[in-house]
Amino acid sequence: MSDSQLWRLTLRQAADGLAGRRFSSAELLESTLERLDQTEPSVHAYVTLMEESARRDAVAADDELSRGAWRGPLHGIPVGVKDLLYTNGVATQAGSRVLEGFVPDHDATVVQRLKDGGAVIVGKTVTHEFAYGQDVPATRNPWNTDCYPGGSSAGSGVSVAVGSAFGAIGTDTGGSIRVPASVDGVVGLKPTYGRVSKYGVFPMSPTLDTVGPLTRTAEDCALMLGVIAGHDAHDSGSIDEPVADYAAELPLGVGGLRLGVDRDFFFYSHVAPEVRTSTELAIRQLAALGVQIVEVRLPELEPAANVGMAVLLADTSEWHRRLLRSQGAKYVPATRIMLELGEMVLGAQYVHAQRARAALRARLRNSFAKYRLDGLVCPTLPNTTMPVEKLSVDLTGEGETALSSFLHHCFLGNVFGIPALSFPCGFSSDGLPIGLQVYGRPFQESVLLRVAHAYQQVSDWHTRRPEPARRETLVT
Amino acid sequence: MNAKEVGPDVVRTLASVAGITIPEEDIEPLVGALRNHLAGMKALEELDLDEADPIVTFDPRWE
């Protein structure tokens, strides 16, 4: 492979190449930046580039490697970071005019862990305003640049898909890692609540927010999670549980694992025929690999989105309380309306939702025990992506919208605090990616990664790379 | 309150109680959004929650 094509490697292959001195971090970065230059006019994944510091960090990484000092699998690897995470000395605006000019004086814990692990941060990736998912960001889907790239971790998903990062950090409060993973054709992990620190991340909800990786393969995801996971005393929601060696556990395979399928809930009438076909086939392939597929009915899933919305609305508005009053006009109107709505959630309603959440969580735990489940499997989303002009994320009207369908399939992971992984399992007839989602027991990320890794040993959907067409105009 | 009973006046009253000033163009979408929220809360009324305490975090330890 020529130096200019190094961006095509997986994170694991790049790490092995660096460790074996077959190429340098500086060469890896230049290939990545060249790819970024080719693709950014079409997809606009980054809001802030950090080329100067990235080149400096790559040289430092090479210097350390030459001295035999290896910081781990991310040493010298170019990565992207969602612009919702604090980066010391680098503009952090969360996609909002409200934060124009804000430059943090410290790093989010996850950013610090990336740096400690030797990662080379290429830049900050585009997010919906404050990750609320109400506006349409400038980023476009690389498989069809007329289409929505998913969100709110839009730039993180797209940068990984096109190869302008080997991995990227996203955040997920109701599906914001898994939605872009699914529609951009990459792997995205929403970890267990408390597994990865959210210190230094602009919050939405203190009990729903999570931070996680987007990568091209399950193996890459395991490597990245291993670097960013772990207890952090700065985050009151961080949980002190041992961090597994996720990559080392991948070869354990999937024989004997039991995954439940709730067809009434996950394959309801809004699931598109091609999504249904691809995901059913993938589930049969998992069964052929040794997974026991168990038909289940879990009524506790149905109310999850209503519970989550009440909590999310009130929590998010509380954090924005001062900003809404002092700078309300600077928000995108749709974001502002959601913040105003959150101010109208009554205290008793909020407590009722949190009580319902506790009851439903107990029922889900009992169901996992009753069916002896290791997880659930389902389509990540009911549909593939759609043209941006047809995108409906408006939650103010009645009926199913794109956002409400995303929440239907994804929000339960946040409401119950359990891990969830999306990985590619096919393409529609018009060339748009389809994702398969696996939910797991708390802190069992290893199981989800093993399932995706086993599937990727017998499929090649994750190896396909988009060549985004150049767009004439950009919405910014 | 029944979701269908929500109108602009209810939104304005709630905004006043919350202490926020809402731009006029936000009123109509907020009516729809508030109706959706109340419909969601109504659906939760049917759940049996006898065995559950709300999820809140309070740790009385000082260290």
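This is a predicted model: local features need pLDDT of at least 70, side-chain atom pairs count only at pLDDT 80 or more; totals for chains, interfaces and linings use all residues.
Q: Why is the pair A:Arg336 and B:Glu25 called a salt bridge?
A: The closest N and O atoms of A:Arg336 and B:Glu25 are 3.9 Å apart. The cut-off is a side-chain nitrogen of Lys or Arg within 4 Å of a carboxyl oxygen of Asp or Glu. The value of 3.9 Å falls within 4 Å, so the pair counts as a salt bridge. The count between chain B and chain A is 3 salt bridges, and there are also 8 residue pairs in polar contact, both residues at pLDDT 80 or more.

Q: Which elements of chain B give two or more residues to the side that touches chain A?
A: Those are α1 (8-18) and α2 (24-45) of chain B. The largest share comes from α2(B), with 15 residues. Sorted by kind, the residues on this side of chain B are 20 nonpolar, 5 polar and 7 charged.

Q: How do you know what area is buried between chain B and chain A?
A: Interface size is often given as the accessible area lost when the parts come together. For chain B and chain A that comes to about 2800 Å², with carbon and sulfur atoms giving 68% of it. On chain B's side, B:Leu44, B:Leu49 and B:Ile55 supply 22% of the area that chain B buries against chain A, more than any other three residues. As for residues, the contact takes 32 from chain B and 31 from chain A.

Q: What makes the contact between α11(A) and α15(A)?
A: From α11(A) come A:Ala304, A:Ala305, A:Val307, A:Gly308, A:Met309 and A:Leu312. From α15(A) come A:Leu407, A:Phe411, A:Leu412, A:Val415 and A:Phe416. That gives 10 nonpolar residues, 1 polar and no charged.

Q: How are α11(A) and α15(A) placed, and is their crossing left-handed or right-handed?
A: Helix α11 (residues 304-319) and helix α15 (residues 402-416) of chain A pack at an angle of about 65°, and their axes are 8 Å apart. The crossing is left-handed.

Q: What joins A:Gly151 and A:Ser152, and where does A:Ser152 sit?
A: A cis peptide bond joins them, with omega about 15°. A:Ser152 is in the loop between β3 (120-125) and α5 (154-162) of chain A.

Q: What is phi of A:His44 near, and where is A:His44 found?
A: Phi of A:His44 is near 50°, a positive value in a residue other than glycine. You'll find A:His44 in the loop between α2 (25-43) and β1 (46-49) of chain A.

How values were computed: Residues are numbered from 1 along each chain as its sequence is written. Chains are lettered from A and ligands numbered from 1 in the order in which they are written. Side-chain values use heavy atoms; hydrogens and water are left out. Contact means heavy atoms within 4.5 Å. Buried area is the accessible area (1.4 Å probe) that two parts lose on being put together, summed over both. A polar contact is a pair of N or O atoms within 3.5 Å; within protein, one must be able to donate a hydrogen and the other to accept it, and residues adjacent in sequence count only if both atoms are side-chain atoms. Helices (H or I, at least four residues) and strands (E, at least two) are DSSP runs, numbered from the N terminus. Ala, Val, Leu, Ile, Met, Phe, Trp, Tyr, Cys and Pro count as nonpolar, Asp, Glu, Lys and Arg as charged, and the others, Gly among them, as polar. Axes are lines fitted to C-alpha atoms, for helices over the stretch in contact, and angles run from 0 to 180 degrees between N-to-C directions. A crossing is left-handed if the near helix is turned anticlockwise from the far one by less than a right angle, and right-handed if clockwise.
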